[in-house]
Number of protein chains: 4
Amino acid sequence: MLHFESDYNNGAQEAVLRHLLETNDERTQSYGDDRFSEHARAFIREAAGTPDANIYFLAGGTQTNATILDCLLEPFEGVLCCDTAHINVHESGAVEATGHKVIAIPNVQGKLMCDDLRHWLQAYFADDTAEHMVRPGAVYITFPTELGTLYSLDELKALREVCDDYKLKLYVDGARLCYGLAASHDVTLPQLAALTDAFYIGGTKCGALCGEAVVFPRGDAPSHMLSRIKRHGALLAKSRVVGVQFEALFTDGLYFQIGQQAVRLAQRLREFFVNGKGYRPFIDSPTNQQFFIVPNADLDALRRVAGFENWCPVDADHTAVRFVTSWATREEEVEELTRLLSL
Amino acid sequence: MLHFESDYNNGAQEAVLRHLLETNDERTQSYGDDRFSEHARAFIREAAGTPDANIYFLAGGTQTNATILDCLLEPFEGVLCCDTAHINVHESGAVEATGHKVIAIPNVQGKLMCDDLRHWLQAYFADDTAEHMVRPGAVYITFPTELGTLYSLDELKALREVCDDYKLKLYVDGARLCYGLAASHDVTLPQLAALTDAFYIGGTKCGALCGEAVVFPRGDAPSHMLSRIKRHGALLAKSRVVGVQFEALFTDGLYFQIGQQAVRLAQRLREFFVNGKGYRPFIDSPTNQQFFIVPNADLDALRRVAGFENWCPVDADHTAVRFVTSWATREEEVEELTRLLSL
Amino acid sequence: MLHFESDYNNGAQEAVLRHLLETNDERTQSYGDDRFSEHARAFIREAAGTPDANIYFLAGGTQTNATILDCLLEPFEGVLCCDTAHINVHESGAVEATGHKVIAIPNVQGKLMCDDLRHWLQAYFADDTAEHMVRPGAVYITFPTELGTLYSLDELKALREVCDDYKLKLYVDGARLCYGLAASHDVTLPQLAALTDAFYIGGTKCGALCGEAVVFPRGDAPSHMLSRIKRHGALLAKSRVVGVQFEALFTDGLYFQIGQQAVRLAQRLREFFVNGKGYRPFIDSPTNQQFFIVPNADLDALRRVAGFENWCPVDADHTAVRFVTSWATREEEVEELTRLLSL
Amino acid sequence: MLHFESDYNNGAQEAVLRHLLETNDERTQSYGDDRFSEHARAFIREAAGTPDANIYFLAGGTQTNATILDCLLEPFEGVLCCDTAHINVHESGAVEATGHKVIAIPNVQGKLMCDDLRHWLQAYFADDTAEHMVRPGAVYITFPTELGTLYSLDELKALREVCDDYKLKLYVDGARLCYGLAASHDVTLPQLAALTDAFYIGGTKCGALCGEAVVFPRGDAPSHMLSRIKRHGALLAKSRVVGVQFEALFTDGLYFQIGQQAVRLAQRLREFFVNGKGYRPFIDSPTNQQFFIVPNADLDALRRVAGFENWCPVDADHTAVRFVTSWATREEEVEELTRLLSL
């Protein structure tokens, strides 16, 4: 059986595991104050071109989003995002659990459009009753998005400009950042860092056992981050476990290679399904998540050779499905898939 | 340099790491729905004598306490504990961040005394203004306590009886459970399970890289636990990472051996410091945390050979210090310490 | 200057004030346990045909919505409403501040349509990832709506049926209930009570100085309501102040007369603006809030004779405006308005 | 039957009610933006000697404490108070419901002692693990206290100094402020204002139907107070209802006279009980709450003539009871009480 259900269905990239092994016996300080975490921070600062960045290691994505947005927002502020945003749909209300409204704007291809955002903000600030509404404090986007799509550099710059105009923080959820950076024609990690107030570099879906690296690129993280993080239950006693993994991921460009390999295999999948099988893409994704519109009649045959996700019904006879590659997907698996489906 | 600062200052027990390695390539479902987690649950159910238990794997202790107490309590209820309790002192207000008051009762040797608890409850329920006060909904204890002490079986039974009389949930924080079970004369895991409504088996401080196993021994966990846990940011996408580790910890009694070894070495430390050096114990701890009253004049010499924690000043000339052994402490380290301090 | 800005811009209905005066010197118990509040409850139970109802008096509408929804919902549940709902737009995030997501469905004429609700619920429960989403626990509607419109009896019954099918609570915000009941062709207070799990009878906008009466028609209010209400800061020490006012409002049908008078005057306004001035209604409202599309060229002249609210721009040349009558609007004021605008 | 149970068991002071009547028909803006509220603010600013003060009118005390403390504190901060403080005991966890820990220090005569506070802070800031504990952000005191006692001017200055040393906000709950100011030998409203960051002037217990006036004496209230207050459900649509009442209370020194009369009658009660009946005071209170130690054998006879509160058992044969006078207590009532009990 072949597996394309998700990018978090096995362990860790081999070099990551190896580094956990080789550092295992060394005694260090806890709560992130260890030399592995320090090295990982130095590597990330260099890769992002942000020598002053504050960097924190948390365990998972939902936790990171809820914790960091709560740090960025005043208690009476909400966060703007598009309606398909992960925090709006798939985090069981973790952001609202910290008391903040998630304000959703209709998406275009899984993205928050700059013009829609500006229009919303103009209406809000023109409204006489604005003080009775939830004040916007930050903008949340994902890179890549939940639909695998990417913001172009121009789109990011435009969002940044709106945020500046309205004094909003720009926060990027990079759960799948390695795949986004690998697929983007123009957005690099330093550019992303330069345009945002905070973002996180995904580990869990990008080769680590667990863990995400939160970056405040300008070194202006709110005060008392350790207390803030712990109050959200997000401080790992043995925080080095994440530090060690990011040290490995940011050694010799591993994080970027992981992304490139997965994206390359995703493109092969796409070529096969679109050109070989004649399926239409459900959305035009350049990253490791691929969505195809499949005749319902084909679903059983597909299921016999591979695991994948039903995304949504398209019409009475067609279903959109999602195939995901990851750091763990091997070339042979894609070949085997195409072979079996070509019989 | 020798290290006795804490039980979370290196990686994982060797068998735990090895199991992470050997399971690494297998593809599984996410969010806890994988065969490793299922095995781990089965092993824990057997070890605890609770065939119907609901078991969840979370990443860390503070997160677990805040999440599970929030699940056990009605929104208007608070949790009773002794004043030295971890949730009252050292979790940055994580429980209050979920909206619940932590109601502290003075400790005796780090423990919540049954009589003090009953007295508090009698006064509360006799008070005409009780509805204006925070209603008690659960009792939180640690096993072992923050001061290394243990509840006897009779003490646990007495607390259970009070909880039954007043319809309170009894929750046990087992961050260091392996050391507590190894040191206890009479409390076993099945007994602990039989006497509590929920407890967690600590992984982070007991040989795992990270992770705690929450147990509802009678299988009566609140509905929709996945949503509840995720809402608290405590659901790991790759939850199997914790499941795999607990599978290793509960294979062939490893979890219990880890505790026994650390407790044995802690007793050697104690014998040396008390009998050899003539230091008085600060508190009579049978577990892996040992507290001694040290003349301030000796502190520098101690510091030169070993890392440990200053606990609190005792008088103008003496300080209480804490030495901690763990699953990672080696016999040779204790010998080296006694050798160097005997010179 | 004439005033049609809102229904909360002066004091209280004369009989309400008089009753505050005549009861002023009597000493009573506090926190709602007084004979005036008991009378008021008895009057409301009779008017609503709900002999077993639990009734609580709170100070204001936003407080009531946030408090009661938090009582109706499990911590991990959200509340469904239409996008124009007061809780979604104009309560500064008070519901989210209690940790619950407000899930908005597009409105039709200010109303939540039964079919849209059912469609949303079908999609939610058919979704494999439902546990990662916020679970719906209650439906919130306003009667009348923020746009002055009303649900018909059939519409309410249909919403009730959906709520039953999906085990959701149905909660009605009756901030302007007296106007809604006066204008409805078919919905009576007993019918509203019979179809809902909880609702509030608005006082602030319906003739009281302040205060709203929350009704659990079947007497199944959650336990410990006093504690729950106080925890939300919503328990008035001198709760009788609201009780006394509702005693007056529900004596001799005053509450219903107040509504009828305001609705009658609103209809006169409407007749004048639509037939006399030729303005199109912005929405077809049968209640005390009337919305007209006014040529921008007329706005200044309107402003010179009366206060009203700009609702929203309609096109480059037209603006929707809102005129509100209330228990305090006098026949002469409407006549004067029509006279001045007819010159 | 005579009533000394509390100071919130009847309506409002006559001049307050009269002013509600005489302003009733005037149409004003809502949400506090009306001329009555503006007058009331001007009167309070003058009485407090704080020309720049920001002043907000809320409905009740618990609501005010929870809302304003949440505004003063960073999310990760807690509030220090003595263990008998109203927020710690009798607000059903309203402060914790906003996510903040209430940190209790043992009281002395119902007061937070400056030395105890300083000692606590020294220990906190000397603790290596301080970041894992809840950071103190504000100090809460009541004037007068829950036991009727008062801080002297020197005690307030000393608390201010500690707050300055540790950068804490000083917040005063003035639920019964009129009685405290009337009884104090040295603390005036301007002095209280000069020494605090925020305080509230109690209305509900001091002659109003409902309502409290929050004062930020230096005009440095946090931004967006209207949104913050509404988010807590504490914004009254018809906020003028409180404004009108405070306008009356601060006209011609009424607020201060109310306090003086009640304190004078409380002293007469005390003289009678202590000198006439030979009861010992339970605590030495100069304000409108008086506590006496009464032989249990006398309780029935007392109950036959007057309502009062059992405070707590003192020993097997004695009970502490509380008698409260208020703005509504009449000279004749005290005389009647002494007459009946002297028979």
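I looked up the salt bridges between chain C and chain D, and the count is 2; the term requires a side-chain nitrogen of Lys or Arg within 4 Å of a carboxyl oxygen of Asp or Glu. R27(D) forms a salt bridge with E333(C), with the closest N and O atoms 2.9 Å apart.

I record that this is a predicted model, in which local features need pLDDT of at least 70, side-chain atom pairs count only at pLDDT 80 or more, and totals for chains, interfaces and linings use all residues. Residues are numbered from 1 along each chain as its sequence is written, chains are lettered from A in the order in which they are written, and side-chain values use heavy atoms, without hydrogens and water.

I next looked up the extent of the interface. Contact (heavy atoms within 4.5 Å) links 44 residues of chain C with 44 residues of chain D. The buried area, meaning the accessible area (1.4 Å probe) that the two parts lose on being put together, summed over both, is about 3,900 Å², and carbon and sulfur atoms give 55% of that area. On the side of chain C, Y8(C), R27(C) and K238(C) lose the most area to chain D, together 21% of what that side buries.
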